[in-house]
Every structure is written in C-alpha cells, then in structure tokens.
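Open the model in your viewer and have the selection tool ready.

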2 protein chains.
Amino acid sequence: MEEFPISKAFTLMESGPVVLVTTHDGKKSNIMTISWTMVVDFSPLFAITTGPWNYSFAALRKTKECVISIPTVDMLDTVIGIGTCSGADTDKFDTFRLTPVPGEHVKAPLIQECIANIECNVVDIVTKHNIVVLEGVAAYFDSSRKEKRTVHAVGDGTFIVDGRTLNRKEMMRSKLPAGV
Amino acid sequence: MEEFPISKAFTLMESGPVVLVTTHDGKKSNIMTISWTMVVDFSPLFAITTGPWNYSFAALRKTKECVISIPTVDMLDTVIGIGTCSGADTDKFDTFRLTPVPGEHVKAPLIQECIANIECNVVDIVTKHNIVVLEGVAAYFDSSRKEKRTVHAVGDGTFIVDGRTLNRKEMMRSKLPAGV
C-alpha cells in the first residue's frame, strides 16, 4: 500500500463501489459494509448513510473517526459476510481473516487486503437523514494488486462488476479539478 | 417506458450510475449531469450534491421538483455534453436531441431516451453540505431497450461501464427489504 494523493482521493469513491468502513471504539475494531455513499466535495468530503441500526455507528459517533476501505470483486463474499453479521457478537477481522493495519491519523484500522483505504474524520452527522459527512485526511492505494475491479451493489442481492473504462479526459477537461 | 415499482426504485440508483436530473422552472426545462448521488432510504429517498454553481439549482430550489433520468453507455457523450455547458444559454433538450416526456407528478420532464426515470420531490436541502434530499414518487423503466449498461464516473475524465452481474440473492436474503 503506497500513499495516494488526497487531492485525488475522491476518484476512489466517485464511481460508487461497495465499501467497508472500519471503526475502533477504544477497545476493539469493527467493520461494516456500506453501499450508500457519495462524494460531497473534492477536498475530499464523503457522505455515507448509516445509523443506530449499524453496530459501528456508536463508535463512529463517539470517536468521530473511521477508515473507508475499498474491496475488489474477489472479496465480494467477504463483503457480504461482513454486511450480514454484527460486530456486537463477531470479531470481523478475525472471522473474515482480514489484516488490520494502523493508520496515521485515526485509530480505526486500514484493511490490508483492500485495494484502497481512506482515513477519515467525521465532520458532521445529519441525524434527520442518517447522513454522516466524512473528511478524507489520508489515502492509500495498493497498485501491486492484480485484481483492481470494484463492485457496485444493485440492492436486490445482485452486484455489478466494473467493466471496461472509457476515456473522456479531453471532453471533460474544463470540469476537472486541478491536479486530477 | 413502463411503470417500475416505486418500492424497488432505489435499485435503479444504488449502483451509482451517472445520472441526468431534469427541472422545469415554469418557463423552460433544463438538464444537468450529476455523478454525486446516493440512496438514503428504501422508501425511496435519494441524496444528490448540487448547489448554486449549477444553473438548474435555482429551479430545483424554487419548484422542489425534478426527474432523475438514468442514461446508458451509448449516451455517454451526450451526458458529458450536458455536463459541460449551461442551461443559462443552452436549450439542452434541443441541443442534444433528447425527447421530453411529461411526468405524472412533477412538471420536470422525463427523458425518453434514458433507460429509467424517477419523478422526485425535493424533501430537504442541507445547505451546509450542498446536499439535496429527494423522494421518488414514481419510476419508469424501458425494458425494450437493448443497451442496459450504465456508466460510473471516476472523476478524472474516465468512466467505468457496467460489467457482468454477480448474483448473491441467497446470501443477501436476510438484508433485502420486502418486495425486492
């Protein structure tokens, strides 16, 4: 995992992959699967939808820290497993044989097996809509990984794998932020 | 275009496709390209990030209505064209040869060429974060269309096309809302 420019970290999330979000409540680490995310600002800011129904939410609210970890298609069954059990009675790092890696800015761990990790601070919780706004403070990318395709949840139990990439940089030039 | 169950309309958006959002300001219709979206609730509620920098935002705020139209990969250059000019000086339906179709619940038009359309009411604007929360009130899907693949913006001028779909309905059963 090498450091990835924070000014480009929004590009890790904009396509809408299913992500894992780790927290550390002071005693133990946990992981939740989140599909409802978006970019809110290039700085970067992200929004995720979560609330008291997720065990991780208490740690997120208390510590105001988390890591967004982006898994690839070969990890899909792990991602679903994480999303269908609870940190209340499961050590998810242990159960799913994932490797926690200490972050530099937050106590929530990175996940070594994921292709990308973004250390985040909670900057706001819009309680009315269960929207948590996160600021990315450091990002990492594992370019040595062969499998780079992420997955997109449809919401009906099916998942769309990344297909081919189309380049429209020339057409988009006027709209891209500096440094991307 | 046939009606699509509103209880499943969140599945049109959850994978994170680039979308078009239409508005009607009382005099004319407009279209903007939005990549920063997420599902917020199964009901369905959606969040999109937009603000005064988009010409459509004034109409969205005033009328509290819009349509989310979901384009497919064959429409990518149209989607980028729409995202790189302004409704202030461009009739986008005319310029991009798109066909407005009257909705049933809102004055903003559906786009006939898109594979799916969702009529929406603005339920809240979280000004602090430029997040607009939309409630879907009716949805439509064109199942006669051959090209069904959507595109996901990366944010750097490249776009990921939908690849293959993986079925994990059995694993996900405990997590799917009723009727999906």
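Keep in mind that you are looking at a predicted model. Begin in chain A, at Lys64(A). Select the loop that runs between α1 (56-63) and β6 (65-70) of chain A; Lys64(A) sits there. Now check its backbone. Lys64(A) is not a glycine, yet its phi is positive, at about 55°.

Is Lys64(A) buried, exposed or partly exposed? Count the C-beta neighbours inside 10 Å: there are 16, so Lys64(A) is partly exposed. That class lies between the cut-offs of 12 or fewer for exposed and 20 or more for buried.

Next, select Arg97(A). Look in the loop between α3 (92-95) and β7 (100-101) of chain A. Here is another residue that is not a glycine but has a positive phi: for Arg97(A) the value is about 50°. Why does Arg97(A) count as exposed? Because 8 other C-beta atoms lie within 10 Å of Arg97(A), and 12 or fewer means exposed.

Now go to Pro44(A). Find the loop between β4 (37-41) and β5 (45-49) of chain A, where Pro44(A) is placed. Select Ser43(A) as well, and look at the bond that joins the two. The peptide bond from Ser43(A) to Pro44(A) is cis. Its omega is near 0°.

Last stop: chain B. Select Ser43(B) and Pro44(B). What is the peptide bond between them, cis or trans? It is cis, with omega near 0°. Pro44(B) lies in the loop between β4 (37-41) and β5 (45-49) of chain B.

Methods: Residues are numbered from 1 along each chain as its sequence is written. Chains are lettered from A and ligands numbered from 1 in the order in which they are written. This is a predicted model: local features need pLDDT of at least 70, side-chain atom pairs count only at pLDDT 80 or more; totals for chains, interfaces and linings use all residues. Helices (H or I, at least four residues) and strands (E, at least two) are DSSP runs, numbered from the N terminus.
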